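Here is a short report for a first look at this model. Keep the structure in view while reading.

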Amino acid sequence: MKSKLIINADDLGFTKGVNEAIKKAHLEGFLSHASLMANEAYFEDAIENVIQKCPNLKIGVHVNLTCGKALYKDNMLAKNGFKNSFVNLLFRFKSKKVLTHIEKEIEHQILAIQNKGITISHIDGHEHIHIIPSINKIVRKLAGKYHIPRIREINEDFGESFKYNGKTASKANYIKLFLLRFLSWFNSDTKKVKFYSILNTCEINAENLFSYLENSHDKEVEIMLHPSLIELDRNEKDLDSRFIDFLNSPYRTQEFKLCFNPKFKEYL
């Protein structure tokens, strides 16, 4: 039996190039879901020019605590905008006040999307920050409060991932997989939806993906992509410097093109 696929694009609302790529990949390709950043510059553009024109695109919350502006006023984690990293947030002492500000920020981001009349299908985190156990507890609490049915889980099998993705994986993604899987052991995961693939994060290629899918026995698999039309963002001046190389990488084009691969027809 073929796996049911969730083909998800992260970072909706981040840039014009990301927004346009997601719209095109959904309307003309096989992209089924997108995760929306409520605190980024192109949030309103995503609402008006993507979501309103893509009524069948399922929208989730891409919780963002590492860049962009704070939606919760006086947020102690973002006095001049968020400038955190995953590692900063992981090792930061989580006092009651810090956890309160994190919860209020995430709730504000959920409400910013919900108040646009959007039914939220899922929730995940920019740079996987929602996997940090203390933040994951908050995300699960708010998902229950606002009836969000699915939380992204990092649950891929080590051996299986190495088999199909190991040869093309970077050292950074090996470290990322071990860290995220370790942290996931402390979270209340359901293991209902399989995740693909941390070893090729932001570098997903068709050969590895379809080799995995052809041999997968999982009922439902989420594929995380980061497509963008990079030519639209070359003159973007307001981007955080950490993301300039990422958004100009040829992998953004590779993952965009993957959204149109006709092999996905077999999994519809």
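## A tryptophan in a loop

Tryptophan 185 sits in the loop between helix 7 (171-184) and strand 5 (194-196). Helices (H or I, at least four residues) and strands (E, at least two) are DSSP runs, numbered from the N terminus. Tryptophan 185 is exposed, with a relative accessible area of 57%. Buried means under 20% relative accessible area, exposed over 50%, and partly exposed in between (1.4 Å probe, protein chains only).

## Basis of the model

This is a predicted model: local features need pLDDT of at least 70, side-chain atom pairs count only at pLDDT 80 or more, and totals for chains, interfaces and linings use all residues. Residues are numbered from 1 along each chain as its sequence is written, and side-chain values use heavy atoms, with hydrogens and water left out.

## Salt bridges

How many salt bridges does a search of the whole structure find? The search finds 19. A salt bridge is a side-chain nitrogen of Lys or Arg within 4 Å of a carboxyl oxygen of Asp or Glu.

Glutamate 103 pairs with lysine 141 in a salt bridge, with the closest N and O atoms 2.9 Å apart. Glutamate 103 is in helix 4 (residues 96-114) and lysine 141 in helix 5 (residues 133-145), 38 residues apart. Lysine 141 is exposed, at 51% relative accessible area.

Arginine 140 forms a salt bridge with aspartate 189; their closest N and O atoms are 2.8 Å apart. Arginine 140 lies in helix 5 and aspartate 189 in the loop between helix 7 and strand 5, so the pair ties together parts 49 residues apart in sequence. Salt bridges with shared partners also join Asp10, Asp124, Arg150, Arg152 and Glu222 into one network.
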